[in-house]
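Please keep the sequence and the structure in view while reading.

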Amino acid sequence: MTAVAARAPAKVNVHLGVGPLRPDGFHELQTVYLAVSLFDTVTVGPGDGLALTVTGEGTGAARGADLVPTDRRNLVWRAAELLAGSAGVSADATIEIAKSIPAAAGLAGGSADAAAALVALDALWGTRASRDDLVALAAQLGSDVPFSLVGGVALGSGRGEQLTPVLARTRWHWVLGIAGEGLSTPAVYGELDRLRAAGRLPGGEQPPAAEPVIAALRTGQTTLLASTLANDLQAPALALRPDLARGLRAATEAGAAAALVSGSGPTVAALAGDEQDAVRLTAELAGAGVFRTVRAVHGPVPGARLVG
Ligand code: ATP
């Protein structure tokens with residue numbers, strides 16, 4: 001069989017409510033994921049064992065050090081071994097990841113790559129896994145991987161991997177302000193725990209409920225969505241990276257309906273009124289000089305799919 005390619009989207013959390021730390025080391029979450037139109041593509045072909053190359057965002061001399069590993073530490077490598085193991089085939093493939101989603105940006109880039117790899121390798125190897133099988137494998141790889149597979153808009157509970165689809169007919173426009181340096185997700189959760197233990201941030205027995213944002217998504221009204229966006233990881237991300245406040249301020253000063261930190265950051269997601277407004281905001285934020293890159297995106301978009 002010749003090469004097969006699949007692509008998967010980045011996500012923005014329009015609600016990220018973080019509950020207490022569970023005995024297994026994860027936090028109980030109530031989150032609403034929105035898949036947005038920034039995609040990584042994973043191309044797979046016949047091979048002898050696994051060989052992985054990565055191009056694009058997070059790679060190359062321009063970024064100083066490569067952020068994205070090309071060995072077992074890459075989530076795609078683990079996805080390949082997991083699918084091969086569960087299907088009883090040997091893990092033979094050349095895998096090429098073309099990254100547009102910046103690494104360690106709170107956009108679930110690694111999860112997108114793993115989801116795309118599952119879809120592409122299933123086709124290459126003819127393992128014919130059902131969507132449910134792939135979702136179950138995805139949950140073993142990481143909390144955000146099932147959503148990268150499913151896409152659209154979904155409520156995530158548990159550690160984010162238990163998904164309920166959310167009806168959303170509106171296309172929302174966002175501008176992503178991407179910082180020069182990534183943030184480690186475990187470090188941001190660690191800072192949240194520290195600030196809560198010190199009594200500097202509230203933390204209840206239950207994660208804050210997602211209903212207000214789900215209701216706002218249903219109305220299609222930008223102002224309502226803007227007033228319900230919430231992210232419990234924003235305060236700890238700001239504590240670790242105070243300069244993020246400049247990015248949030250730049251977005252609201254440029255006229256965004258709202259701006260919040262995406263996931264564990266440091267990407268700033270600015271909500272635009274419509275597509276034209278997003279184009280205007282993109283130009284303004286690119287000129288503000290507070291971000292490395294500024295990208296206009298829309299969502300919801302579908303999850304991991306074969307392409308070409
Ligand atoms: P989250 O899913 O928590 O929002 P994130 O989007 O902030 O995560 P990722 O881009 O998924 O971050 O990467 C986090 C770390 O995972 C990176 O620093 C990198 O070392 C490792 N990693 C493993 N595989 C990949 C991959 N395919 N792409 C990017 N990072 C990867």
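This is a predicted model: local features need pLDDT of at least 70, side-chain atom pairs count only at pLDDT 80 or more; totals for chains, interfaces and linings use all residues.

Sorted by class, the lining of the largest cavity is made up of 7 nonpolar, 2 polar and 3 charged residues.

Rolling a probe the size of a water molecule over the atoms shows where empty space is left. A cavity is a space where such a probe fits but cannot get out, whereas a pocket is open.

## The second largest pocket

The second largest pocket has a volume of about 150 Å³. Its lining is formed by A179, G180, E181, R241, D243, L244, R246, G247, P266, V290 and F291. Of these lining residues, 5 are nonpolar, 2 are polar and 4 are charged.

## The largest pocket

The volume of the largest pocket is about 1100 Å³, and 41 residues line this pocket, with S111, D144, T185, P186 and S264 lying nearest its centre. By class, the lining of the largest pocket divides into 20 nonpolar, 15 polar and 6 charged residues.

Which elements supply at least two residues each to the lining of the largest pocket? Among them are the strands β1 (4-21) and β2 (27-45), and the helices α2 and α5 (185-197) also contribute in this way.

## The ligand and its surroundings

The space taken by the ligand is the largest pocket. Around the ligand there are 21 residues, of which the closest are A104, G106, A108, G110 and D113. This shell consists of 10 nonpolar, 6 polar and 5 charged residues, and its largest share, 4 residues, comes from helix α2, which spans residues 109-125.

For G106, an oxygen atom of the ligand is 2.8 Å from a polar backbone atom; for L107, the corresponding distance is 3.1 Å; and for A105, the distance is 3.4 Å. The ligand on its own has 610 Å² of accessible area, and the protein covers 78% of this area.

Key. Residues are numbered from 1 along each chain as its sequence is written. Side-chain values use heavy atoms; hydrogens and water are left out. A residue is near a molecule or strand if one of its heavy atoms lies within 4 Å of it. A polar contact is a pair of N or O atoms within 3.5 Å; within protein, one must be able to donate a hydrogen and the other to accept it, and residues adjacent in sequence count only if both atoms are side-chain atoms. Accessible areas come from the Shrake-Rupley method with a 1.4 Å probe; for residues, only the protein chains shown count as cover. On a 1 Å grid over the protein atoms alone, a cavity is a set of points where a 1.4 Å probe fits but cannot get out, and a pocket is an open set with protein on both sides within 12 Å along at least five of seven lines; lining residues have an atom within 4 Å of a point. A molecule sits in a cavity or pocket if more than half of its atoms lie within 2 Å of its grid points. Ala, Val, Leu, Ile, Met, Phe, Trp, Tyr, Cys and Pro count as nonpolar, Asp, Glu, Lys and Arg as charged, and the others, Gly among them, as polar. Grid points are joined across faces, edges and corners, and a volume is the space filled by probe spheres set on the points.
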